[in-house]
Protein chains: 4
Amino acid sequence: MDKQLKRVALLTSGGDAPGMNAAIRSVVLAAHHFHIEVLGFFHGYNGLLDNDPTLLDLSSVNDIIRLGGTILKSARCPEFQTPTGLKQAANTLVKQHCDALIVIGGDGSFTGMLALKQYWNGQLIGIPGTIDNDIDGSDATIGFSTAVNTAISAIDKIRDTANAFERIFIVELMGRHSGHITFNVGVACAAEQVLSFENFSADNQKQTLKQLAQEINSLQQTRHNSYIMVIAENVWPGGATALARELKIRFAIDSTACVLGHIQRGGSPDAKDRVIATKMGVAAVQALINGESDMMIAEQNSRICSVPLEQAIQHQKKVNPNLVAAHENILALTAQNQC
Amino acid sequence: MDKQLKRVALLTSGGDAPGMNAAIRSVVLAAHHFHIEVLGFFHGYNGLLDNDPTLLDLSSVNDIIRLGGTILKSARCPEFQTPTGLKQAANTLVKQHCDALIVIGGDGSFTGMLALKQYWNGQLIGIPGTIDNDIDGSDATIGFSTAVNTAISAIDKIRDTANAFERIFIVELMGRHSGHITFNVGVACAAEQVLSFENFSADNQKQTLKQLAQEINSLQQTRHNSYIMVIAENVWPGGATALARELKIRFAIDSTACVLGHIQRGGSPDAKDRVIATKMGVAAVQALINGESDMMIAEQNSRICSVPLEQAIQHQKKVNPNLVAAHENILALTAQNQC
Amino acid sequence: MDKQLKRVALLTSGGDAPGMNAAIRSVVLAAHHFHIEVLGFFHGYNGLLDNDPTLLDLSSVNDIIRLGGTILKSARCPEFQTPTGLKQAANTLVKQHCDALIVIGGDGSFTGMLALKQYWNGQLIGIPGTIDNDIDGSDATIGFSTAVNTAISAIDKIRDTANAFERIFIVELMGRHSGHITFNVGVACAAEQVLSFENFSADNQKQTLKQLAQEINSLQQTRHNSYIMVIAENVWPGGATALARELKIRFAIDSTACVLGHIQRGGSPDAKDRVIATKMGVAAVQALINGESDMMIAEQNSRICSVPLEQAIQHQKKVNPNLVAAHENILALTAQNQC
Amino acid sequence: MDKQLKRVALLTSGGDAPGMNAAIRSVVLAAHHFHIEVLGFFHGYNGLLDNDPTLLDLSSVNDIIRLGGTILKSARCPEFQTPTGLKQAANTLVKQHCDALIVIGGDGSFTGMLALKQYWNGQLIGIPGTIDNDIDGSDATIGFSTAVNTAISAIDKIRDTANAFERIFIVELMGRHSGHITFNVGVACAAEQVLSFENFSADNQKQTLKQLAQEINSLQQTRHNSYIMVIAENVWPGGATALARELKIRFAIDSTACVLGHIQRGGSPDAKDRVIATKMGVAAVQALINGESDMMIAEQNSRICSVPLEQAIQHQKKVNPNLVAAHENILALTAQNQC
């Protein structure tokens, strides 16, 4: 064990995700076990600029495993991205005698960690916490599973109305620049159509619209049923609302747009997110003890490991091709058979 | 008992509401008990025009008490509102030997029933099924309780993110022209502000915006916390999205608009909605047996009774003044104390 | 306004109920509005004996409206029921300069309040918080609605298995000495049978067993389906487990007993419980300001009022006869028609 | 593609699990796509003895992806395990012109499939559907994820009461002969103790009881808090109830036993279970087309594959050692630090 490791700084950054609190708890429990202090900084990287941290003792993490959001709060922090901001953050870490920094967040947060390296030479460990699951090197990120489950519960409700009215709904899901949420939700909700980065390019928007209209018209003629299309945010210019409007204007197709929005971020984490958050929190402390730095804790094939932060932010992780294929299969079967 | 009562027509009309299936089940069980047949017509009043009903036996309602939506489906039906449509509907009821018609729906559906009187002299009984709770003469409508609970579950999730980011959210709720959902949800979610028909008039939009901005600025200066405003759909021109934009443009206040939308309509009904739907379904059949017509089954002070359909559609029912007062009190306390 | 009202003692007592925290929050908000301090005592009446209260400021009740359990904790307190204990409690209230005591709890808690009158002359106000709904003078108690909803969610899951196996389940529900939970859950879950204090006496246990066996056998012969009986705790000697065993031994009927147990007590309160808790908390403070004492805040026909504590503990409140009748009707219909 | 593959028999067997219906839907969709008929047999293997199947067309699986239980029902079938029963089942498959049999179930169901081989030479494919996750060769079984989530939602509610009363709860979970549910739930609920096959042997029952008592007493002296122990069914003679009694009798420790029971089996499947069920159903049909037999569809490292049925029933699958270790770590940390 590194004898220097007395005090660790901890913060959450980027969009909040269910399970961040479970990870905070786990870091604090593990650190205390090894007689390491944990300083919690609030509001993401702003906390490093403000230099107003709190010592996180065991009572501060009691029973937080099941809470959504983050007790350390989060925020955007443009100043942190400047040399001045980075220096100030480094100063805080030095003044507070922190030997290491653990950040729970997404790719933007990890990019920030790497930038800090120029100004501070403590150990840096990231924990992937984002509902978007768009982090390379880890099969899952904390919050993703819960967000998918929240979305399917919402769409199950929409399905009731869609069935009652045999109506078309276009449901917009979060995910920023990847279709992890959209594809999983699409398969799990038996969505009649999925529109995401993996199967649609903005270049052929016009053609896609025509194909969608044809498919919808074909299905509606041969059966009377509900039709739910899930679309990833940012994939269609103007989102679900614009798509619904274009289907109406150009093809006289009535549909209802629903933007699920921020309900996908919050809520009590599900079992999967609590379990990986707990494992990852312990692993982060152990990685520090092992002398690791510039690494992100990851889950690969149900095993916890660590991968370089540099790798985590590559944006190369694809939606599992098996899932896309499964969806395409099911869609093909469904469409062909008008079920 | 009216010896003529052999066969009852049943349909659901208007927006679907959780508990409609529970009411269908209850009507069918009660009718069968009294050896009355129930003919289910699909797609609201369209079913009367299409004349393609189904005999609802006991197995058709097995285990549907817990399902959202409506197995009889629903739809708008502009044709029904014409003399031709009404005559055609009356013809169907005659041809199908129906002695009575039970409609589960809202005020529009009941207005349709009354119009049908000119062309058909069977017994007419309404059951109030709408999430909006905007039916006179009944304390509660089927679906209202579930919709409120669905909304608070959603806003609890939004609160997690609002807390994490100390951010302002403006959440738009359903309710058409009344604030029953909005006020109940507002109190139940500890919303920092409620904007509904009961406490806001479109005439003083400009002034309201200014007051809101002042209140928000005042709160944000003295505390750092989340701020959730719930607003009724249709109360603000352009809804939550427009309100958020105006706060930004005119007062530089950042906020996030969420339109909860159709998730409020579906889902498994809660206990309250299942229980009143079950009671009302039985009561509807008993009212027919008692020879009643042109009446709506209602709940008043936890007792089931019937009120004239004419009364039910008056749009006089106010949000419980106690609730508005309670909310105003709590708001006043909250605002004044910056809690 | 009573000029003496400067400081109010607050505690929760008896079984915890969802919504107790909402009531605590409401009391604190209202009291602060009127410049009244609130001292929170922990662990029910033990807190008065221990004399270690906490001043509840606004931040201590922030966002607790949605939490199950009670932040003031609860506990049994046999010592409080002795003259020594009562004197000690009274001493604490005097020492702490409390002008009034608000207790959120059930009939046992209210009996304790009345006993305290002999030793202390401050104002006493009760707020009905119990999942059992067995408090006279109030249509609803805080926690009841949530407990019923929790139970139906659980039984909906059991129904899935009961349907898959066409099996008989006997589900035991809480309620101590009344069938409020059992009857509401029974109707809401379309239970094939309800066994509660209102429709069963321990005197005719043998005959009831025979009738149940005959009914079950009759139903099972004419249909193949699930069968769920809900029974109130304490109604059958040995509970659901014993009943299942007796049906097996005496009538060779296989069934599975499920005791839902403590999951009925916890969880985030539903809208109804949050709203009445909020109203009641405000009303309790207003009642104190109005000079009331020895009263319980109540809800009658959707209006908040106060009733004498003496009346609240009479154990005269019956399950709504309309509900029992509705259930009996539905059961009769169901049984007779083998649906 | 095997030209002979015209008709596939499908049944669900063993304990029902959330996601079985999703798998049924997926098999039917995929089969129809390839012009293969699917005959559904009811009540597990009884359906093969009864020879009263139903042709499953697309409409029969519409919208069932989200339903708990199984529309094909399930049941135990001792007769099937006799040579007579097996011959009769084989006769039915021949008479019905079935080329293959797909069984969704657990290890007992797969053992039955292998026994059938002696009497019938059609293709046999298993799909792992059981909440217990005790199937070798597949990382996950259909229903496991949902059961774990259902249990943590229940225990979160119990935690509220445990916190309010600082009380000890012993919660018994399903799992038959393995601790997959128990360990995942234990970690996810921050259980203070986990008792399962992996960390406890019946041989040292007496010693374990003493250790538990010491640990509990030690914790209770140093902190005041809730304590939740989750235990696997069948691990302790007499279960949670007996353990609670023994702690009371031998060590005067008060605790409350809760047997979660059958609520863990039902309910709408979560996203994970819907997705793997959908993938596995398609894969089962594709395996048949590829000429495979005596295989079980499995998920390994997020990829769908097939493994020999012989291997699936070995009962060698261990709870992920990482999870046990993580739990032990967290427990150690927690216990040592009295958090």
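Biologist: Accessible areas come from the Shrake-Rupley method with a 1.4 Å probe. What does the accessible surface of chain A come to?

Modeller: About 11700 Å², and carbon and sulfur atoms account for 48% of that. Bear in mind that this is a predicted model.

Biologist: How many helices and strands are in chain A?

Modeller: Chain A has 11 helices and 11 strands. Its radius of gyration is 22 Å, close to the 20 Å that the globule rule gives for 339 residues, so chain A is as compact as a globular protein of that length.

Biologist: What does the C-alpha trace of chain A span along its principal axes?

Modeller: About 70 × 35 × 30 Å.

Biologist: And what share of chain A counts as buried?

Modeller: Of its 339 residues, 65% are buried. As for contacts in chain A between residues at least 6 apart in sequence, 75% of them join residues at least 24 apart.

Biologist: Pick one residue for me. Where does A:Asn133 lie?

Modeller: A:Asn133 is in the loop of chain A that runs between β5 (123–128) and α5 (144–165).

Biologist: Is A:Asn133 buried or exposed?

Modeller: A:Asn133 is buried, because its relative accessible area is 4% and the cut-off for buried is under 20%.

Biologist: Which residues is A:Asn133 in contact with, leaving aside neighbours within four places in sequence?

Modeller: Those contacts are A:Ser138, A:Asp139, A:Ala140, A:Thr141, A:Phe144, A:His180 and A:Lys317. With A:Lys317 there is a polar contact between the two side chains, at 2.9 Å. For A:Thr141, the backbone nitrogen lies 3.2 Å from a polar atom of the A:Asn133 side chain.

Biologist: How far apart are the closest C-alpha atoms of chain A and chain C?

Modeller: They lie 11 Å apart, and no contact joins chain A and chain C. Chain B and chain D have no contact either, with their closest C-alpha atoms 11 Å apart.

Biologist: Back to chain D, then. What should helix α9 span?

Modeller: Helix α9 of chain D (residues 271–289) has 19 residues, so at 1.5 Å a residue it should span 27 Å. Its end C-alpha atoms are 27 Å apart, in agreement with that.

Biologist: How many residues of α9(D) are buried?

Modeller: 17 of the 19, which leaves α9(D) mostly covered.

Biologist: What is at the start of α9(D)?

Modeller: There, a side-chain oxygen of D:Asp270 reaches to within 3.3 Å of the backbone nitrogen of D:Lys272. Just after α9(D), D:Gly291 has a positive phi of about 85 degrees.

Methods:
Residues numbered from 1 in each chain as written. Chains lettered and ligands numbered in written order. Predicted model: local features only at pLDDT ≥ 70, side-chain atom pairs only at ≥ 80, totals over all residues. Heavy atoms only, no water. Helix = DSSP H or I, 4+ residues; strand = E, 2+ residues; numbered from the N terminus. Expected span 1.5 Å × (residues − 1). Buried < 20%, exposed > 50% of the residue type's maximum accessible area, 1.4 Å probe, protein only. Polar contact = N/O pair within 3.5 Å; in protein donor to acceptor, adjacent residues only side chain to side chain. Rg over C-alpha atoms; globule rule 2.2 N^0.38 Å. Contact = heavy atoms within 4.5 Å.
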